[in-house]
Amino acid sequence: MLRQDIDLIRAKLMEMVALDEQALTRALHAFLRRDRQSAYSVILRDQDVDALDAALDQLCLEFIVRHQPSAGHLRFVYSASKIVNLLERCGDYAESIARQVLLLSSLDYEAPMDEFHQIANLSIPMLHNAVHAFVEGNADLARTTMAVEPRVNQIRDGLNARLVELREEGRLPLEALNPLTTIARRFERVSDQATNISEQALYFTTG
């Protein structure tokens, strides 16, 4: 029963990160293609992440009550409960990006889309790898994942600077500046949460 409950929590974590990855990827595509319909889809499907968040919280609570865990098992359920909350935030980031896409959809603007693509293509795999590191008990993968974060921060800083330049040059309307910087910040925050999840993986695997 103990092993089955652990496996169930692991499976639900994998399901939740898959939903986050899909939402973030759809939000990116909605942004790159200026696709309002895809943006609305991301917003509507956020309820799926919220439902899984509630289910996992319940599973972790039941695990504690049923098994009264100690040592490694206690570290597992403690870290799992933390990771659930971090994944729920990443789902919120995807929804926020989609809402910014709707704000931008009526504006004529120029933006460095390649940099947005870069930051997303680093942060989303980070999230995937961080959860895998925890589920598989892979400390090396957790450390490798964490090592990517400085690069994400570097791209975000350069992207923000470029957006300000475009605004000052009159090539970016003021109304577009905040939504664009918000999108960059949300993808950067995904990498932050991936780092936090990696830290929980290290805590679980190394004690």
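**Labels and their grounds**

Author: Gln68 lies in the loop between H2 and H3, where helices (H or I, at least four residues) and strands (E, at least two) are DSSP runs numbered from the N terminus. This is a predicted model, in which local features need pLDDT of at least 70 and side-chain atom pairs count only at pLDDT 80 or more, while totals for chains, interfaces and linings use all residues. Residues are numbered from 1 along each chain as its sequence is written, and side-chain values use heavy atoms, with hydrogens and water left out.

Reader: Why is Gln68 called exposed?

Author: A residue is exposed when its relative accessible area is over 50%, buried when it is under 20%, and partly exposed in between (1.4 Å probe, protein chains only). Gln68 has 67%, and therefore it counts as exposed.

Reader: What makes the backbone at Gln68 worth a remark?

Author: Most residues other than glycine have a negative phi. Gln68, although not a glycine, has a positive phi of about 40 degrees. Arg34, in the loop between helix H1 (2-33) and H2, likewise is not a glycine and has a positive phi of about 55 degrees. With a relative accessible area of 39%, Arg34 is called partly exposed.

Reader: How do you know what confidence the predictor has in the chain?

Author: The predictor's confidence in each residue is the pLDDT, which runs from 0 to 100. The chain averages 95, and 100% of the residues score at least 70.

Reader: What makes the chain as compact as a globular protein of its length?

Author: The chain has seven helices and zero strands. Its radius of gyration, taken over C-alpha atoms, is compared with the globule rule, 2.2 Å times the number of residues to the power 0.38. The chain's value is 18 Å, close to the 17 Å that the rule gives for 207 residues, so the chain is as compact as a globular protein of that length. Along the principal axes, the C-alpha atoms fill a box of roughly 60 × 35 × 20 Å, and buried residues make up 47% of the 207.

Reader: Why is Ile119 called buried?

Author: Ile119, found in helix H4 (residues 113-136), has a relative accessible area of 0%, and so it is buried. Contact means heavy atoms within 4.5 Å; leaving aside neighbours within four places in sequence, Ile119 is in contact with Val152, Ile155, Arg156, Ala184, Phe187 and Glu188. Its C-alpha atom is separated by 9.3 Å from that of Leu159, 40 residues apart along the chain.

Reader: Why is Glu95 called buried, with an accessibility that is given as 16%?

Author: At 16%, Glu95 still counts as buried, because the label is decided by the cut-off already given. Glu95 is in helix H3 (residues 71-104) and, apart from neighbours within four places in sequence, is in contact with Val42, Ile43 and Asp46.

Reader: And why is Lys82 called partly exposed?

Author: Lys82, also found in helix H3, has a relative accessibility of 35%, and therefore it counts as partly exposed. Lys82 and Gln200 are 118 residues apart in sequence and 7.8 Å apart in space, C-alpha to C-alpha.
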